[in-house]
Amino acid sequence: QVQLVESGGGLVQAGGSLSVSCAASGSINSINIMGWYRQAPGKQREFIATITRGGITTYPDSVKGRFTISTDNAKNTVYLQMNSLRPEDTAVYYCYAQIIPLGAPFITGYWGQGTQVTVSS
């Protein structure tokens, strides 16, 4: 079994910074991609950032220049540093990973349980 456990998040004022992290554990052979998505109330889940095992990052325009994704491959952990936060960044943030489990010849997508980020105006 594979688990993604998130930590961090919370409440911050607009313009402030916050970070979240996500650790993958369990029967992991390798991790190809890790990333973050978010979902605000009444909205669809949206892509925020991804990072490949080789360190290639991707962001949508809505967070580019404000958010930074990074990983510690040795710890199977992904981080999201969020700066210049806006009230519209308020959402539940979900960790995502494409993992090849031990003993399995295919890639499987896994999600964390989500962590709340609230930005007050």
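I looked up Trp 111 and found it partly exposed, with a relative accessible area of 38% (partly exposed lies between buried, under 20%, and exposed, over 50%, with a 1.4 Å probe and protein chains only). I note that this is a predicted model, in which local features need pLDDT of at least 70 and side-chain atom pairs count only at pLDDT 80 or more, while totals for chains, interfaces and linings use all residues. Residues are numbered from 1 along each chain as its sequence is written, and side-chain values use heavy atoms, with hydrogens and water left out.

I then searched the whole structure for aromatic pairs and found four (rings of Phe, Tyr and Trp, the last by its six-membered ring, pair if their centres lie within 6.5 Å; planes under 30 degrees apart count as stacked, over 60 as edge-to-face and the rest as tilted). For Tyr 37 and Tyr 96 I read ring centres 5.9 Å apart and planes at 75°, so this pair is edge-to-face. Tyr 96 is buried, at a relative accessible area of 16%. Tyr 37 also forms an edge-to-face pair with Trp 111, at 5.1 Å centre to centre and 70° between the planes. I noted one aromatic cluster, formed by Tyr 37, Phe 47, Tyr 96 and Trp 111.

Finally I checked Arg 45, whose charged end sits over the ring of Tyr 94, 3.7 Å from its centre (the criterion is NZ of Lys or CZ of Arg within 6 Å of the ring centre and within 35 degrees of the ring normal). Arg 45 also lies over the face of Trp 111, at 4.6 Å from the ring centre.
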